[in-house]
Each structure stands twice: as structure tokens, then as C-alpha cells.
Amino acid sequence: MTQKIDLNNLDKSDWEAFKFEEIAEKISETVNPNTTDLEIYVGLEHIDADDIHIRRFGTPNDVKGGKLRCYPGDVIFGKRRAYQRKAAIVNFEGICSAHAFVFRANPEIIDPNLFPFFLHSDQFMHRMVDISVGGLSPTINWGDLRQQEFLLPPKDQQAKLAELLWAMDEVIERENEVLIRLNVNYASEKKDIYESQENKKIVLGEKINILSGFAFKSKLFNTSNEGMPLIRIRDIAESKIETYYSGEFDEKYLIKRGDLIVGMDGDFIMNIWDNEDALLNQRVLKIRLNENENSLLFSYLNHFLQKELDKIHLGIGATTVKHLAVSDVRKIKLPIPKNNVKTVIEKLDLFNTNIKNIEYKISSSKALQKSLINQVF
């Protein structure tokens, strides 16, 4: 049935415009979290951008002040900072943040199965950004939203469109399940290796070259590709270059392809650099294997360093923001298997490869889903 829909040539001549207050009802039932018997609380921090599912939640004990009641089938929509694109389906009875709207689709106007995808369309999200008011934390007013008009397909087409979009969502969910299993198995494998009684320990600073970056003058930064590429903490995860430095520099602060780089604040993001040579800015750590050391050590380090960095933070106290010192990293004693290190690395590398492959598939599937939603709306 869904094969008959040609999204590239969707005829919208018989579509009709409706005000949002006709499309959905705003649920305004309030709940005191201190007295409710409900067990689930959803804040905006529990909803991921561009995701129609709620994957984590808190409890009413976590919050104070009046909250909104939500029921299965409702959609929680973040009315504050709409550019974050947060809208997710509820599949439980619970409460949610007052910084959200709780919407319930009007089945006379829109198929409830299509409604969540409509909310994630660029047409709807861009309109929400446009009508938001305020500076630091722009917010949508219901009085403005209720009057907004949107074009919708006839009811006899909506079920077919919903079926198509939910089929794509099912693909993404199955891929997510594979990713979860891979990550669990990878973590279990690493735990077994890491805690083996046959391990020997090496002091990191004696085996590898560890250097923190330099506080380059920000007045010499630019984004017009002038000078030398400069990597900051925010650039680590994607090995991308956004900032350039036009001043003089010491070559010891150069990052080369294959270096392991670590952000020294926050979540200690790590990555093996896979881009052009760049300069190492302050609060970024460069790790390079000494010439006389086996490259297997470097591969092993890439799998296990994160655990050691988190242990350092726990040892110095749980501050609000985690920080690293180079001296702490150099003192790390890393457990290394006495035998079959190559086999261990090959197994862990295979996990990493499979995880990256499924992450790429998920990213591609999400891009396709977004394209389909915007073709519809």
C-alpha cells in the first residue's frame, strides 16, 4: 500500500490548511511532584534532538514546582529553545517539565501516528523558532502558536504516510539495538582484559610522549583559512578544523595524523587525529608513541585510556567540571596483557570498526528519515 506513494511528486492540490489549535490540543493538567503517585519525570534534558522517542527519564523526586501531566500517546515538545528540536512521544503515565508543551493530536484532523513526524518537519520547527520570543532563552507562547496555520494531507492519505515513516523509524530502532549490544559486548570484553590477574603494569610517561597545548593568542585566531589550523577541545570528536592561527609557533605543538588527542576538560573526549597537521591549543593533550616503542601499545592505549582518565577524576574529587593535569596522565599505570597483545588489539579493533559502521548506518538512516519527513511536509 505504501509503495503507491510517490514522495517526489506528492500532489498537494487537495491539501487543507488548519490552525495548530485545530490540529492538536494543549494539555495543561498540572501535578505537584511532591505529592504525586506517578513515578516518571521527563525533563527537556531527557529528550534528544531530532528523536521522537524518550530514551531516559528521572523521577518526581528530582524536581520541585508544578509540572505537567502526560499520558500515553501525548507528545512532549520543548517550547524553550525550539532550535534544539525536541519533541518525543510519551508511552507512559508521568509528568514533564513546565518548559515543554504537552500536545495531543486531534484525530479528526491529523492521524495521531503521523503527528509526531509533522512536529519534526522543518516547516514546523522553523516556524517555532520564528515565533519564539526572548533573548537568552527564547520561548514559544501558546497564544502565538495556536494561530499558526499548516497545510495537511487528506485523512485518507495520512495513514499511508504514517506507515511509511514508521517503517523507516523501525529500521533506525533495530540499528540502535545492534549498537547497544555491540557497546555492551565491547565494554565487557575490555573489562575482562583490563582486570586480568596476568597483566603487567607500565607507567605511561615512561613509554609515550605526552604534551599539553599552548595558550595561543586569540586575537590572532581567524576562520578564513589564514595561517596554521588550530585544534581546540570542541574540534576533537570530529577531527575537524574551524579555527586558524596566523602567528608564530613552536613546532613541538604540532599535531600530526595518527596522534592521539585528548580534551583535558569535561568528558575527556579522545580521538586519533585524522586530518591535516594542526596546532595544539591549550587544554588539549597530545599523545605520541616514542620511536623505540611497539605500535601495539598505542592501539591498546586508545582502547583503555578513557577508563584511566575517569579514575584520575574520581581520585581528585568530583568537581562540577572535570579537569586533567599532564602530570596526572604521565603517572598512569596501565595494565598490559603479558601475552597475545596483538590478538587482544585485533579483537578490540574489530569491535571499534563494527561500532563505527553501525553508527554510520544509523546516521544515514536518520538523514533519510528526515528527508522523507520534509518531502511529506
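α5 and α9 each supply at least two residues of the lining of the second largest pocket. That makes this pair of helices a handy place to start. Keep in mind that you are looking at a predicted model.

How much does α9 give to the lining of the second largest pocket? It gives the most, with 5 residues. The pocket itself has a volume of about 250 Å³. It is lined by 16 residues, and the ones closest to its centre are Asp50, Asp51, Lys366, Gln369 and Lys370. Sort the lining by class and you get 8 charged, 5 nonpolar and 3 polar residues.

Now look at how the two helices sit against each other. Two packed helices are described by the angle between their axes and the distance between the axes. For α5 and α9, the angle is about 165° and the axes are 9 Å apart. Angles over 145 degrees count as roughly antiparallel, so α5 and α9 are roughly antiparallel to each other. Their crossing is left-handed. In the contact of α5 with α9, the residues divide into 20 nonpolar, 7 polar and 8 charged.

Next, move to the largest pocket, with a volume of about 790 Å³. Which elements give two or more residues to its lining? They are α5 (155-194), β18 (270-272), α7 (295-316) and α9 (341-376). The largest share, 6 residues, comes from α9. In total, 24 residues line this pocket, and Met270, Asn271, Asn302, Asn352 and Lys356 lie nearest its centre. By class, the lining of the largest pocket holds 8 nonpolar, 9 polar and 7 charged residues.

While you have α7 in view, find Leu297, which is in that helix. Is Leu297 buried or exposed? Its relative accessibility is 14%, and buried means under 20%, so Leu297 counts as buried. Leu297 and Lys342 are 45 residues apart in sequence, yet their C-alpha atoms are 9.5 Å apart in space.

For a contrast, go to Leu136, in the loop between α3 (122-131) and α4 (142-145). Leu136 counts as exposed because its relative accessibility is 83%, and the cut-off for exposed is over 50%.

Most residues other than glycine have a negative phi. Asp50 is in the loop between β4 (41-42) and β5 (67-70), and with a relative accessible area of 36% it is partly exposed. Asn225 also has a positive phi, near 65°. You'll find Asn225 in the loop between β13 (221-222) and β14 (228-231). At 54% relative accessibility, Asn225 counts as exposed.

Finally, zoom out to the whole protein. There are 9 helices and 21 strands, and the C-alpha trace spans about 75 × 50 × 50 Å along its principal axes. Of the 377 residues, 45% count as buried.

Note on methods:
Residues are numbered from 1 along each chain as its sequence is written. This is a predicted model: local features need pLDDT of at least 70, side-chain atom pairs count only at pLDDT 80 or more; totals for chains, interfaces and linings use all residues. Side-chain values use heavy atoms; hydrogens and water are left out. On a 1 Å grid over the protein atoms alone, a cavity is a set of points where a 1.4 Å probe fits but cannot get out, and a pocket is an open set with protein on both sides within 12 Å along at least five of seven lines; lining residues have an atom within 4 Å of a point. Grid points are joined across faces, edges and corners, and a volume is the space filled by probe spheres set on the points. Helices (H or I, at least four residues) and strands (E, at least two) are DSSP runs, numbered from the N terminus. Ala, Val, Leu, Ile, Met, Phe, Trp, Tyr, Cys and Pro count as nonpolar, Asp, Glu, Lys and Arg as charged, and the others, Gly among them, as polar. Buried means under 20% relative accessible area, exposed over 50%, partly exposed in between (1.4 Å probe, protein chains only). Axes are lines fitted to C-alpha atoms, for helices over the stretch in contact, and angles run from 0 to 180 degrees between N-to-C directions. Angles under 35 degrees count as roughly parallel, over 145 as roughly antiparallel, 65 to 115 as roughly perpendicular and the rest as oblique. A crossing is left-handed if the near helix is turned anticlockwise from the far one by less than a right angle, and right-handed if clockwise.
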